[in-house]
Amino acid sequence: MSDLRRATILVTGAQGQIGFELARLLLPHGDVMATDRATLDLADPDAIVAAMRGMKPALVVNAGAYTAVDRAQTEAALAHAVNGRAPGIFAEEAKRLDATLIHFSTDYVFDGTRATPYPEDAPVAPLNAYGASKLEGERAIAAAGAHALVLRTSWVYGLRGRNFLLTIRRLAAERDELAVVADQFGVPNWSRTLAEATARIVGAGLPALAARRGLYHL
């Protein structure tokens with residue numbers, strides 16, 4: 001869109017499942033600055049502030065996250081820093097720049113007891129450190145008062161990183177029989193589809209994003 005062309009779009013987590021796709025799909029909409037853990041450590045608040053004030057992006061798409069759900073129980077401080085504190089810093093700096101933030105969150109903010117799909121206004125009750133850290137990030141963004149869209153998703157899979165699809169594909173090549181849990185229910189989301197949907201949202205232009213700020217299930 002004309003209001004984004006030649007403007008800077010900061011994409012974090014560019015080596016992750018969604019971020020990798022976004023770095024390519026957002027190219028028609030602006031000057032994409034794709035960062036990963038090596039170039040922008042989301043656990044370092046000063047690095048985030050420096051990047052935001054140096055790049056002065058019109059749009060930030062925060063696809064970076066601490067995603068090791070089980071390990072977060074023993075690395076809660078790191079999960080808090082990346083998933084909880086960093087999104088708030090991005091939102092504060094975005095407000096300072098009059099920029100827009102798109103942030104990805106998760107269904108882990110819920111307790112999983114509901115038998116039907118969760119609406120956006122369903123009560124949150126994370127059961128583990130990962131879910132708690134992601135909820136903290138959502139709340140930090142809301143408190144900052146920036147133009148921000150929080151997109152919750154679930155069961156992300158793709159052909160890179162670690163996910164259920166790649167695990168099963170690997171195990172199927174190694175074993176004659178597989179044992180898989182049968183008590184978990186969710187909606188698998190292909191990383192490219194999520195990135196394409198995000199690109200369509202971005203394509204509506206910055207004024208439309210600002211007008212539709214809020215929390216959505218993607």
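Reply: Helices (H or I, at least four residues) and strands (E, at least two) are DSSP runs, numbered from the N terminus. The model is predicted: local features need pLDDT of at least 70, side-chain atom pairs count only at pLDDT 80 or more, and totals for chains, interfaces and linings use all residues. Residues are numbered from 1 along each chain as its sequence is written, and side-chain values use heavy atoms, with hydrogens and water left out.

Me: Which helix holds Thr198?
Reply: Take the run of residues 191–203. Thr198 has its place there, in helix α6.

Me: Is Thr198 buried or exposed?
Reply: Buried means under 20% relative accessible area, exposed over 50%, partly exposed in between (1.4 Å probe, protein chains only). Thr198 has 0% relative accessibility. Therefore Thr198 counts as buried.

Me: Which residues does Thr198 touch, not counting those up to four places away in sequence?
Reply: Contact means heavy atoms within 4.5 Å. With residues up to four places away set aside, the partners of Thr198 are Leu22, Val61, Ile102, Phe104, Leu151 and Leu218.

Me: How many residues of strand β4 are buried?
Reply: Strand β4 covers residues 100–106. The strand is largely enclosed by the rest of the structure, because the buried residues number 7 of the 7.

Me: Which residues of β4 point the other way from Thr100, Ile102, Phe104 and Thr106?
Reply: In a regular strand the side chains alternate between the two faces of the sheet. Thr100, Ile102, Phe104 and Thr106 point one way from β4. The other way point Leu101, His103 and Ser105.

Me: In what sense do β3 and β4 pair?
Reply: Two strands pair if DSSP finds at least two bridges between them. Strand β3 (residues 59–62) and β4 have 4 bridges. Asn62 has His103 as its bridge partner in β4. The pairing is parallel.

Me: Through which helix does the chain cross from β3 to β4?
Reply: A crossover is right-handed if, with the strands pointing away from the viewer, the path from the first strand over the helix to the second runs clockwise. This β-α-β crossover is right-handed. The helix spans residues 76–97 and is α3.

Me: How many bridges join β4 to β5?
Reply: Strand β5 (residues 147–153) runs parallel to β4. Thr106 stands opposite Thr153 in β5. From β4 to β5 the chain crosses through helix α4 (residues 129–144), again in a right-handed β-α-β crossover. The bridges joining β4 and β5 number 7.

Me: What is the N to O distance between Glu138 and Arg152?
Reply: A salt bridge is a side-chain nitrogen of Lys or Arg within 4 Å of a carboxyl oxygen of Asp or Glu. Glu138 lies in helix α4 and Arg152 in strand β5, so the pair ties together parts 14 residues apart in sequence. Both Glu138 and Arg152 are buried. Their side chains meet in a salt bridge, N to O, at 2.8 Å.

Me: How far apart are the closest N and O atoms of Arg24 and Glu21?
Reply: Both residues lie in helix α1 (residues 17–25), 3 residues apart, about one turn of the helix. Arg24 is partly exposed at 45% relative accessible area, whereas Glu21 is buried at 7%. The closest N and O atoms of their salt bridge are apart by 3.2 Å.

Me: Which residue is linked with Glu21 and Arg24 in a network of salt bridges?
Reply: Arg24 forms a salt bridge with Glu21. The network that links Glu21 and Arg24 includes Arg192.

Me: How many salt bridges does a search of the whole structure find?
Reply: One of them joins the side chains of Glu75 and Arg71 at 3.5 Å, N to O. Glu75 is partly exposed, with a relative accessible area of 29%. For the whole structure, the number of salt bridges found is 6.
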